[in-house]
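Here's a quick briefing to read alongside the model.

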Amino acid sequence: MTQADRENSDLPVWARHQAFPVAPSGWGWVDSKGRRNPCNCAETLISAIREDREGRVVLAWSPNHEHMIMPEQVEGATDAVIAARKRSAADDMADSSDKLRRFGLLFAGLSLYMLYQAWTRMPGNPDTAEHVFFALRSVANSMSVGIALLVFLIFAFIPWYQARKRIREVRDWHAENVVSVVPLLRFETWLDAQKSPITYALLGLMAVVGLAQLLPSQSIEVAGLVKPAYRDGEWWRLLTAPLLHGNLIHFLMNASALLYLGKRVEVFARWPHVPLVFLFSACAGGELSARWIAISSVGASGGLMGLLGFLLVFESLHARLVPRSARRRLLAGVILTAVIGFVGYRFIDNAAHAGGLIAGMLYAVIVFPKSASPFRPKSTISDLVAGSAAMVVLAGSALFAVLLLAKI
């Protein structure tokens, strides 16, 4: 083994030159659908990188590299990369600004309509300050307005803020900036290409239960975490409630979070810990919710916060596994969840979020010792047995929830 090979083997898997496929001869690039696009010379490849829109050029190859590389690593392509990144940031900023305006108008229109309804329906003299105050308070406490505010925050304001931040970052880019972002880009590109069947299996269980919720039944009362029923001995609600959701938006938000967090856990900590962390955290979050929140609750948020908390601790204990900038995004996820929980405290189960987050963090501290190794931990026999058992419990809970909803 050469010195270069020894140094390469001491890197995390995503940073090694063999992390990406073997390069064909000549020059070319790979698009987001995995299609290869050969080029007749370096100038043609660099031109494709310069004209790239929406991140179509995912990987590239050249005669100087045995394996495929990031476009940022192509010799002589620095100026082309900078031009493409700036144009992409500008396009994102324009799209997100337009979305911010449209969602803002919708939210403002709904708020004014709800204010008018509250003001006209409230008894008393409509010209008094007290009447206006109670109308405003009615709107502030409206669940419809609260949900609309969350939708505006998640789908409009946050993307606009991220686009604004990105365009400020790339405004003064130069060659050193391009070099500095390569590790994070390699990490994310490699991670996107990894398989995560257990994560998708867990999402499938949630989807099956979600379809069963379309049946004519009071799904939350039947299988949700109804606190009096749970305290009266219906302990199984702690297992069925995380697989139910309040509405389609609730499901889609949790599904996207599961695909991101679950895949990350499955790839780096190995698959048994996806169902184990999710199940443990969902139950811990549900138990804390049952003690602190009176209203009924459903949703996978407790388990998802557990996966997030697990990753925060696990990736800190195994710091060489991921780039530092990648770990910062997890912390940003915790802060964002806290903001959303504060805005929607009237209908978001913050106790389940907190309980799940703490449970996931404790799981990582107990199960995974600190390591300076760049290698991913291997699954032990006990991990495989426990993970399989947790997956069986989740599958059984999904089946039981479906039977309850179908009234079989």
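Is Cys39 buried or exposed? Cys39 is buried, with a relative accessible area of 14%. Keep in mind that this is a predicted model. With that said, here's the rundown by topic.

**Cysteines**

- Searching the whole structure for disulfides turns up zero.
- Cys39 isn't in a disulfide, and its nearest cysteine sulfur belongs to Cys41, 7.6 Å away.
- On accessibility, Cys41 is partly exposed at a relative accessible area of 23%, whereas Cys39 comes out as buried at 14%.

**Helix 12 against helix 16**

- Helix 12 covers residues 273–292 and helix 16 covers residues 381–406; they pack at an angle of about 55°, and their axes are 8 Å apart. That angle makes helix 12 oblique to helix 16.
- As for handedness, helix 12 and helix 16 cross in a left-handed way.
- On the helix 12 side, the contact uses His273, Pro275, Leu276, Phe278 and Leu279. Across from them, helix 16 brings in Asp383, Ala386, Gly387, Ala390, Met391, Val393 and Leu394.

**Helix 11 against helix 13**

- Helix 11 (residues 248–268) packs on helix 13 (residues 301–317) at an angle of about 30°, with the axes 10 Å apart.
- The crossing of helix 11 and helix 13 is left-handed.
- Helix 11 puts in His250, Asn254, Ala257, Leu258, Leu261, Gly262, Arg264, Val265 and Phe268. Helix 13 answers with Ser301, Leu304, Leu307, Leu308, Phe310, Leu311, Phe314 and Glu315.
- The tally for the contact of helix 11 with helix 13 is eleven nonpolar, four polar and two charged residues.

**Asp95**

- Look for Asp95 in helix 3, which spans residues 78–121.
- Asp95 is exposed, with a relative accessible area of 52%; the cut-off for that label is over 50%.
- Asp95 and Trp160 sit 65 residues apart along the chain, and their C-alpha atoms are separated by 8.4 Å.

Note on methods. Residues are numbered from 1 along each chain as its sequence is written. This is a predicted model: local features need pLDDT of at least 70, side-chain atom pairs count only at pLDDT 80 or more; totals for chains, interfaces and linings use all residues. Side-chain values use heavy atoms; hydrogens and water are left out. Axes are lines fitted to C-alpha atoms, for helices over the stretch in contact, and angles run from 0 to 180 degrees between N-to-C directions. Helices (H or I, at least four residues) and strands (E, at least two) are DSSP runs, numbered from the N terminus. Angles under 35 degrees count as roughly parallel, over 145 as roughly antiparallel, 65 to 115 as roughly perpendicular and the rest as oblique. A crossing is left-handed if the near helix is turned anticlockwise from the far one by less than a right angle, and right-handed if clockwise. Contact means heavy atoms within 4.5 Å. A disulfide is a pair of cysteine sulfur atoms within 2.5 Å. Buried means under 20% relative accessible area, exposed over 50%, partly exposed in between (1.4 Å probe, protein chains only). Ala, Val, Leu, Ile, Met, Phe, Trp, Tyr, Cys and Pro count as nonpolar, Asp, Glu, Lys and Arg as charged, and the others, Gly among them, as polar.
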